[in-house]
Amino acid sequence: MRLHRVGGKGGGNGGGDEDQTGRRRRHPLRRPDYPRRGRRGIRRWLPSWRQLLLLTGAGAVTVTALAAWLYATTEVPEDLNAFATQQNNVYYWADGTEMARIGETNRQEVPLDRVPEPVQWAVLSAENETFYSDPGISLSGIGRAVVSMATGGDTQGGSTITQQYVKNSYLNQRQAMSRKLREAVIAIKLDQRMSKRDILAGYLNTSWFGRGSYGIERAAAAYYGKDVSQLNPSEGAFLAALLKGAGQFDPALGEENRERAEDRWSWILDRMVKAGKLSAAERAGYTEFPEPRPQPKAAGLSGQVGYLVDMARAYVEGHSDITPAQFDLGGHQIFTTFEKPRVTALAAAVQEATKGIDPNAREADKLLKVGAASVAPDGRMVALYGGPDYLKQGYDNANASSVPMGSAFTPLVYAAGLGQGVQRQRGGSRSPVTPATVYNGDHGVNVMTPEGPYWGRDGKTAKTANDGGRSWGPVSLRSAIEQSVNGPMAQLAMDVGLDRVQQTATDLGLLPGSMGELVPAFGVGNSTPSAIRAADAYAAFGAKGSRTDPYPVLRITRNGEVLALRLPTAVQALSVAAAGEVDAALKGAVRGGSAQAAAEAGPDVAAKPGTTVDRTAGWFVGYNARVSTAVTVFRADLKDMKLLSLEGLGGAAPDTLDSELPARIWTSFMKAAG
């Protein structure tokens, strides 16, 4: 009997073909029934409800998986962008007013407690009213941003404050879908990790407010000249308006900006009322737009400021644990010792005294350099003159250590003799000297050692040299200081011992690296201290021998926290008696000696001029009860610092002392501000 196959060829339900045994052979894959068979017209292209469910489910699974993967793989960065953390270092005058703001980013961080609550709510009302209740993101806002991105629009709309903080601090400003998605994920995680107040503080400290200002503290200063803590709700509403786009809302940039700013300012105040953060009565009091001040000019480094800033920074780096790299991150407030009136007066004194200098008309006037420093008895640097303009000459003449001090060094020799006595015989006992001790004041006499005349390496005997070649005959040590007779000081240094004089100079604050060679010229100033160190050394004579290293910074903070700074302490560099005798001689020099030009500066001044044998430097150093000031002039090409003669400077007669110009500067300054 022949058996027939059921559902012959082409029969059955179409689920597959049968083999010869009658078993069904299933196809490994089936093509989706789309376009749908058995349907005509548009119904052929409409999916079935089963297909719609399948498509929706697959999409949901895909989106969920993508979101889970993105959440798992996106980490909150450990460090903020350098852009977000970089701040200015701000330098202040001694009276607390701002001197300079240094750094690429004009930003200064403040704690949220410093921002008045109405100002906080002005920002929240404008940008994210639900900030304290949302999870860090706005789903509707993200949806709008995605649609806008897909259509080529702006992706920034709809972001919460947390998202904006993430963008400012962790990501970048590029408009891209990937950045927007990462921003949302990090915002969610950050909202779980940080308190809302910390997020708000971070946002306010990193946002751009225009006029070169990042952060609300600098914005308050830029627009209203205030600390943020002094802002009222109306001013806060205007600053909040700037977050929408400072370039479109700063009234200083045009009338259209003003109209936009006033409209948004008013809208923000109304929103604050609606949110219950500003009463209707308070709102009624804010009817006039809080006009920002004109855009201020940034404080720069021109004039003397650059020299002062360099000095202060170098001191901080050398006397604290702050590294240069940490300092460059900014956020420091450096409170200096510099007094603006004195700095201004010193610069004015230099400018007035050098009016007759004409490098175009006289060769002797070319390459003239003036350096000056004024130091208080407690070591505070109160004024410097480093050069004509820091932006034109960065080299600081006040801190130069290449100019010989000349005869302005002799009071230090006198102090060493009074304190340590002399030894005229090798191996013999030391004998005391007094102001009345007499030395040979003639010009050109041999400089003596216990064994006889001092012979130099050139095979010649060293001889004394007085200004103008004048011989004074027998002269007391005090008179030698008062009249600036150099010969006795050269011999006194030999009798005391050049090494002992060097030690006294070091005790008085001259740096070892500035000490000259220990030869007879050492006693008459072959050492090259800066004007700062010279002024500080002289201050000890008027302070009964007490001396403090010069310092330019009182304290330093970072974002309000005081940082450790190693400040100098006073030391007793000379005995009270020795300091008193030097002080008396220097006051005598003003009353009737070589420093009489200084008498105009007041009845209590003490001073000493300084010249060199080769006429390459002129000095004038002196003090009163308040400050000690040193002024030096020299001629040099800063490329090689080779010193040139000062003869004929300003058209002066050949026999004019090289201390004449610094004496005029010193007297003018001390009279005005000393």
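## Meeting strand β21

Let's start with a pairing: strand β20, covering residues 618-623, runs antiparallel to β21, and six bridges join the two. Keep in mind as you look around that this is a predicted model. To get from β20 to β21, the chain passes through a hairpin of four residues.

## The other neighbours

β21 also pairs with strand β9 (residues 368-375), again in the antiparallel sense, over eight bridges.

Ala-636 has Leu-643 in β22 as its bridge partner. Six residues lie between the strands in the hairpin of β21 and β22, and in this hairpin Met-641 takes a positive phi near 55°.

## Two faces, buried or exposed?

In a regular strand, side chains alternate between the two faces of the sheet. You can follow the two directions along β21: Ser-628, Ala-630, Thr-632, Phe-634 and Ala-636 point one way, while Thr-629, Val-631, Val-633 and Arg-635 point the other way. Are these residues buried or exposed? All of them, on both sides, are buried.

Why is β21 described as largely enclosed by the rest of the structure? Residues 628-636 make up the strand, and nine of the nine are buried, so β21 is largely enclosed by the rest of the structure.

Note on methods: Residues numbered from 1 in each chain as written. Predicted model: local features only at pLDDT ≥ 70, side-chain atom pairs only at ≥ 80, totals over all residues. Heavy atoms only, no water. Buried < 20%, exposed > 50% of the residue type's maximum accessible area, 1.4 Å probe, protein only. Pairing = 2+ DSSP bridges.
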